[in-house]
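These are my notebook entries on a predicted model.

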Amino acid sequence: MVGPETLETIVRSLWISGTATALATLWSIPLAYAMALRERAIVVEAVVETMVGMPTVLLGLLLYFLLSSSGPLAPLRLLYTPTAIVLGETILVTPLMISTCYRGVREAVRELRELGLSLGASDTQLLRLYIGETLPTMVASIVMGFSRAVGELGIALMVGGNIAGYTRTMTTAIALNVSRGEFEEAAVLGLFLLLVMVATSLAIKVVGRRG
Amino acid sequence: MMIELRDVWHSYGVQGVWVLKGVSATFREGEQVLVVGHNGSGKTTLLKIASLLMRPTRGRIAVDGEDFWAIDAGLQSRIRRSVVYVHEKPIMLRGTAVDNVLYPLTVRGVPRDRALAIAMDVLRRLGIEDLASANAKRLSAGQSQLVSIARALAAKPRILFLDEPFAHLDREKRAVLAKVLAEEAELGTGIVLTSHSIEYADMLKIDRVLVMENGSIAEVMEKRW
């Protein structure tokens, strides 16, 4: 039922989204904690919240201008490569991951600070307490980032180019198959994409419960 | 150990609204103090400031004569280990009840075996040893309250501040807690607790009752209870 090309597309999608999420995690999580530990991060908070809702096509278009032959990043030759999609998805999920992690951590830190200080924790022990206690929030925001990355279409289409065997992802393949009237393969990919979404949603719930 | 508050004023940032208005009080090791007053009278703020968790907007906090907020962070951290504050609404850490009680011992570097023995002993004294392996986040309000008090007692503070410690407990558990606090007091721990009423003054052999009204200490009653 699942041909080698479809399987390859699924694996590539997961790899691209996984890499983008891992890269975004490197700065999103520390930034979310840094914001939560500062009492006044209203401006950064507002900017991040605004960027969460940025349409993926708009981000794709901006990246296209930057990476195209007349753009400032043309010498990098990234347009229509999987790296370009990774770059775009990394930028896309960064505000979402910061925002979800920050909101959860901020509330917890307020309570934990008093508790930790009261129980004799030093500054380093306090930081460890924050991280340990907000681990489920951190994991949930990473999973949400991955979910957003794997399901996006605009960036993959505009800077990836939907090249078969190279930059085709699940979402671009579905769009192409539907436009061609090949609904069977689109349905298989759609079903797998749905499975990934359900699995990530379940993961968030499990992590939340353990927290 | 002695913590002195001198002309302490505190505001949470709302201009012109003072939660504490020129409060002066002294809390000593080995002394039991009950702070009574209506909701909003400033009891919790007073306790949080006296337990060195919050810096007052104005006024001086001295620990054994030394201005606490003028000393370096390392020394502040060491002094704080002698004082524990228990929130009215208990905050439970992830893990089991015993993990929670172990936390203050872990931060103090107590070896695991010894820490576990101390933690289990405190839970037993409070009659909640059967909760040791229960998920702390799923405990009832009363159980959480007792675990948070066990966690505070495990830290062996020189002065223990308790905000409404009897609030979520039934009559039987209140009696157990009062007995344990009386035992701690016998051992020389200073105990400062808030309450809406003076019902516990006799049971706990309270030395002093501070009556809070509208952010000030309206009355001090000594050893008549």
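**Entry 1: the largest cavity.** I first listed the residues around the largest cavity. From chain A I noted L115(A), S118(A) and L119(A). From chain B the lining takes V84(B), Y85(B), V86(B), H87(B), P90(B), I91(B), S148(B), R151(B) and A152(B). Two or more lining residues come from each of α4 of chain A, β6 (83-86) of chain B and α5 (141-154) of chain B. By class I recorded 8 nonpolar, 3 polar and 1 charged residue in this lining. The space in the largest cavity is about 60 Å³. I also looked up how many cavities of 30 Å³ or more the structure holds, and the number is 3.

**Entry 2: the largest pocket.** I turned next to the open spaces. For the largest pocket I noted a volume of about 830 Å³. Its lining consists of 32 residues. Nearest the centre of this pocket lie R110(A), R113(A) and E114(A) from chain A, with L53(B) and M54(B) from chain B. The elements giving two or more residues to this lining are α4 (82-118) and α5 (123-133) in chain A, and α1 (43-50) and α2 (73-80) in chain B. Which element gives the most to the lining of the largest pocket? I found that α4(A) does, with 5 residues. The lining divides by class into 12 nonpolar, 9 polar and 11 charged residues.

**Entry 3: the second largest pocket.** This pocket holds about 390 Å³ of space, and I noted 14 residues in its lining. Those nearest its centre are A36(A), L37(A), R38(A), E39(A) and R110(A). Two or more lining residues come from each of α1 (4-37), α2 (42-52) and α4 of chain A. Here too I looked up the element that gives the most to the lining, and α4(A) holds that place with 5 residues. By class I recorded 8 nonpolar and 6 charged residues, with no polar ones. I marked R110(A) for its place among the residues nearest the centre of the largest pocket and among those nearest the centre of the second largest pocket.

**Entry 4: K48(B).** K48(B) sits in helix α1 of chain B. Is K48(B) buried or exposed? Its relative accessibility is 14%, and buried means under 20%, so K48(B) counts as buried. I listed its contacts, leaving aside neighbours within four places in sequence. In chain A the partner is E114(A), and in chain B the partners are L53(B), M54(B), Y85(B) and H87(B).

**Entry 5: G104(A).** I next checked a glycine of chain A, which lies in helix α4 of that chain. Because its relative accessibility is 27%, G104(A) counts as partly exposed. I also looked up its separation from P136(A), which is 32 residues away along the chain. The C-alpha atoms of G104(A) and P136(A) are 9.4 Å apart.

**Entry 6: chain A as a whole.** I recorded 9 helices and 0 strands for chain A. Along its principal axes the C-alpha atoms fill a box of roughly 65 × 45 × 25 Å. Of the 211 residues in chain A, 48% are buried. Among contacts with a separation of 6 or more, 76% join residues 24 or more positions apart. The accessible surface of chain A is about 10600 Å², and carbon and sulfur atoms hold 68% of that area.

**Entry 7: chain B as a whole.** For chain B I recorded 6 helices and 10 strands. Its radius of gyration is 17 Å, close to the 17 Å that the globule rule gives for 225 residues, so I noted chain B as being as compact as a globular protein of that length. The C-alpha trace spans about 45 × 40 × 35 Å along the principal axes. Buried residues make up 54% of the 225 residues in chain B. Of the contacts between residues at least 6 apart in sequence, 67% join residues at least 24 apart. I noted an accessible surface of about 10000 Å² for chain B, with 49% belonging to carbon and sulfur atoms.

Note on methods: Residues are numbered from 1 along each chain as its sequence is written. Chains are lettered from A and ligands numbered from 1 in the order in which they are written. This is a predicted model: local features need pLDDT of at least 70, side-chain atom pairs count only at pLDDT 80 or more; totals for chains, interfaces and linings use all residues. Side-chain values use heavy atoms; hydrogens and water are left out. On a 1 Å grid over the protein atoms alone, a cavity is a set of points where a 1.4 Å probe fits but cannot get out, and a pocket is an open set with protein on both sides within 12 Å along at least five of seven lines; lining residues have an atom within 4 Å of a point. Grid points are joined across faces, edges and corners, and a volume is the space filled by probe spheres set on the points. Helices (H or I, at least four residues) and strands (E, at least two) are DSSP runs, numbered from the N terminus. Ala, Val, Leu, Ile, Met, Phe, Trp, Tyr, Cys and Pro count as nonpolar, Asp, Glu, Lys and Arg as charged, and the others, Gly among them, as polar. Buried means under 20% relative accessible area, exposed over 50%, partly exposed in between (1.4 Å probe, protein chains only). Contact means heavy atoms within 4.5 Å. The radius of gyration is taken over C-alpha atoms; the globule rule is 2.2 Å times the number of residues to the power 0.38. Accessible areas come from the Shrake-Rupley method with a 1.4 Å probe; for residues, only the protein chains shown count as cover.
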